[in-house]
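Open the structure in your viewer and have the selection tool ready.

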Amino acid sequence: MPPSNIVEGPRVATWHCPSCRESVPRLLPNGSANRVTLPPERTMLPDDDIRAACERVQGLRAPEVCYACDQAFQELLGTLVRPPAEEGDARGEPGLNDTGVIGALIPLAERGTQLLIFNVIAGELRCTEIEYLTDFDPDRLTYPGSRGAIAPRIWALYQQHLAELHGTPSERE
């Protein structure tokens, strides 16, 4: 119960974010709308194999997500991921040849966001895992270290994404 000298302000209506499936306020504390429209370049890495895998995912796409999910998309897209079977803290050791990349995040209406994780198999980039954002274990995130033995195709996607984020020309090896 608030102290008697504080008058409660108006309530802000909520909506359910299709990505996190949480009930969130329609407005942020600064008065801005808590809905962010996601263009395709914010949800998938620019690669034909990734685009094709995204097109195969069934379900109605959610056109907007909450501000927090938008920020999570920005941080997760293009991040290196180790296989689910590896134990321990992935942030303790750099990625290896079995390292994958989060190539797309697809917000689906009424179902949440699906992460599409890609690995190189027999020289081809393939979607090896589809996992819901709410079920994803953040301990699987890893970093390149001194580059190690990460597959060249994964490394190129990672470098290209970093270059686009920071506005610098990509460094291809």
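**Whole chain**

Of the chain's 173 residues, 41% count as buried (under 20% relative accessible area; exposed is over 50%, partly exposed in between; 1.4 Å probe, protein chains only). This is a predicted model: local features need pLDDT of at least 70, side-chain atom pairs count only at pLDDT 80 or more, and totals for chains, interfaces and linings use all residues. Residues are numbered from 1 along each chain as its sequence is written, and side-chain values use heavy atoms, with hydrogens and water left out.

Colour by secondary structure. The chain has four helices and eight strands (DSSP runs numbered from the N terminus: helices H or I, at least four residues; strands E, at least two). Along the sequence the pattern is β-β-β-α-α-β-α-β-β-β-β-α.

**Helix α2**

Select residues 48-56, helix α2. Ile-50, Ala-53 and Cys-54 are buried here. They cover an arc of only 100° around the axis, which puts them on the same side of α2. The arc is taken from the directions from the helix axis to the C-beta atoms.

What covers these buried residues? Show β6 (100-108), β7 (112-121), β8 (124-132) and α4 (152-166), which are among the cover.

Now turn to the face away from the buried side. Asp-48, Glu-55 and Arg-56 are exposed there.

Next, pick Asp-47. Asp-47 caps the N-terminal end of α2, with a side-chain oxygen 2.9 Å from the backbone nitrogen of Asp-49.

Select Gln-58, in the loop between α2 and β4 (64-65). Gln-58 is exposed, with a relative accessible area of 60%. Leaving aside neighbours within four places in sequence, Gln-58 contacts Leu-108 and Arg-111 (heavy atoms within 4.5 Å). Leu-108 is 50 residues from Gln-58 along the chain, yet their C-alpha atoms are separated by 8.8 Å.

Technical notes. A polar contact is a pair of N or O atoms within 3.5 Å; within protein, one must be able to donate a hydrogen and the other to accept it, and residues adjacent in sequence count only if both atoms are side-chain atoms.
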